[in-house]
Structures are given as structure tokens and as C-alpha cells.
Amino acid sequence: MPRNNVDKLSSPSIETQGSQNNLQSILGYVVPTEHIELPSGGKFYPPEHPLHNKTDIEIKYLSAKELDILTSKSLLKKGVAVERMLQSIIVDKNVKVEELLIGDKNALIVAARVGTYGGDYEVELGCEICGEAFEHNFNLSEVDSKNIIGEDELEFTENGTFFIALPKTEVKVECRLLTSKDEKLLEERAKKKQKMGLPDTALTDQYKSFIVSLNGVSERGLVDEFVDVMPAGDLHFLSKEYERIRPDLDLGQSCICTHCGGDNQVNVPFTANFFWPE
């Protein structure tokens, strides 16, 4: 629920005519904020992280400042406009967007969009059944967190990492959740390999990024070598378990094709008009 964050704002007086006018002192205006539930519940952050064991995060509503960020040609070209916007609306400046878990970042993106333009989000989709294009209006207000794995189902370390036991090799894999920074590094690595004409190793690169140790051994060379020779059955199991555990929003919605009546199960797409609706 939105809250007026009175305690975090002061009301300095205007000392001289040439002083910069303070909006709050002139109009009694208080910047409204709201608390957004974190899909992770803060469980997967290390103790030194400001969101460790925090169930929510406080953000401001978007203002003209954030809309300027979202429409900045230079920031859009660099692909950092959304991240800069999120950093601007987070109240606790100790929280860095690049250190957010991907699911928590997604929750902030959706909340910022709903708070600015409302829950209606119209997108053109391609029907998986008849192949025709049709318009669908997603209701972002109905998006909720997917089921969070209980602490009794998972063995955590004090650093927010967790363990998955592989069925074939019986190796105990220590894993961490990927952050926004990790996601960007993986994307950059994939683009670089494509540009250089190297084989696509996006899947194994992702495994190598989230595996911390194997049976207590954390030496990176050994971890990377194990991933390269891991049996396919273990790879499949690890991938499924990681996705099952990974906290995020449940972005799947039913979309009925207006041409054939087919039911398409589609994840809410973050298209170009997500923050720039026509």
C-alpha cells in the first residue's frame, strides 16, 4: 500500500530570495512511496546486503525526472535507461540495482509500470496455434510472485547460497542466485562470442556463473571443468531445480486468440512499449 514517507523528508526554510525553492516547504508536498514485496523475501542475499532477510523494498512513484531518464536517447542506446530509472526510485540508496536478484528486479519493474500507467498493458502476440497476430491486454495488477520454496525444503548457507544434490554423480552443488549484473555479463559474453564466430555456450556459461562449489570445492577451474563434462541427466536436473527454487514473478497469463479461439499460455513480454505506451 502507498505510504507518505514523512520521516525521510525535512522542510528547510527559505533563507534568502536567491535560495533554491524547496517544493515541500512551499507547497507542503510529501513524496509518496510504496512498499513492494520482494519475491526472494530477502533470503538469498548475504548478511552484508541491505536487503538481507527483508521482505519488501520502498520505492517512490515515477516523476518527470524518471520519465526523462526513460526517454534519454543516450541511456536508451546504452541499454541502461530502465536500470537508471529503478535506481532513482529506490528510497534506500544503499541498494544497488545491479546487485538485485533478477526476480526482485522484475518485481520493481512491474510495480513502477503499474504505478505510472496502471495495470493495462496491450501487446500484439502471434498465436502459437494458427499463426495469426492478435492484440491482448495483459493485466499487470494481477501479476504475483510464484510459490517461494520454504526454508524447510532448502539447505541455506549464511551467505544466502543453497545446495542441490545431483542424482547421477551424487555431487552436492552449492548455488547462488544470479543478479542483474550477472545477467548483463552473460548477455555481453554471448554477444562477444557471436561477434567472434565462437560456439554458443550460453547454457554452460550460466551454470558456471551460479555454481559456487562442488562437494565443498570452490576452485573455479575445477568447477568449470566439471560443468563441461557433467552428465546430461544432471544438467537437466540442475536446471529444473534451479528454476523451481529461483524466486520471481509469475508472469504467465492465458491469452485467447481472437482468430481461432486458441488458448496461448504466454509470459508477460517486456516489449519496447512497456514504459513507452502509445
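When the whole structure is searched, one cavity of 30 Å³ or more turns up. Keep in mind as you look around that this is a predicted model. A word on how such spaces are found: rolling a probe the size of a water molecule over the atoms shows where empty space is left.

The largest cavity has a volume of about 40 Å³. To find it in the structure, look for Glu 34, Ile 59, Lys 60, Tyr 61, Leu 62, Ile 89, Ala 111, Ala 112, Gly 115 and Thr 116, which line it. Strand E3 (56-60) and helix H5 (102-117) each supply at least two residues of this lining, and H5 gives the most, with four residues. Sorted by class, the lining of the largest cavity has six nonpolar, two polar and two charged residues.

Next, turn to the largest pocket, whose volume is about 540 Å³. Its lining is made of 23 residues, and those nearest the centre of the pocket are Gly 79, Val 82, Glu 83, Lys 105 and Glu 187. Which helix provides the largest share of the lining of the largest pocket? That is H6, with six residues. By class, the pocket lining has eleven nonpolar, four polar and eight charged residues.

The axes of helix H6 (residues 180-195) and helix H7 (residues 202-210) come within 11 Å and cross at roughly 145°. The crossing of H6 past H7 is right-handed. On the H6 side, Leu 186, Arg 189 and Lys 193 make the contact, while H7 brings Asp 205, Gln 206 and Ser 209. In terms of class, this contact has one nonpolar, two polar and three charged residues.

Our last stop is H7 itself. Which residues of H7 are buried? They are Asp 205, Tyr 207, Lys 208, Ser 209 and Phe 210. Two of these names, Asp 205 and Ser 209, also belong to the contact with H6. The buried residues of H7 pack against H6, and also against strand E8 (172-175), strand E9 (211-214), helix H8 (220-229) and helix H9 (232-245).

Notes. Residues numbered from 1 in each chain as written. Predicted model: local features only at pLDDT ≥ 70, side-chain atom pairs only at ≥ 80, totals over all residues. Heavy atoms only, no water. Axes fitted to C-alpha atoms, helices over the stretch in contact; angles between N-to-C directions. Left-handed = near helix turned anticlockwise from the far one by under 90°. Contact = heavy atoms within 4.5 Å. Nonpolar A, V, L, I, M, F, W, Y, C, P; charged D, E, K, R; others polar. Buried < 20%, exposed > 50% of the residue type's maximum accessible area, 1.4 Å probe, protein only. 1 Å grid on protein atoms, 1.4 Å probe; cavity = no way out; pocket = protein on both sides within 12 Å on 5 of 7 lines; lining within 4 Å. Points joined across faces, edges and corners; volume = space filled by probe spheres on them.
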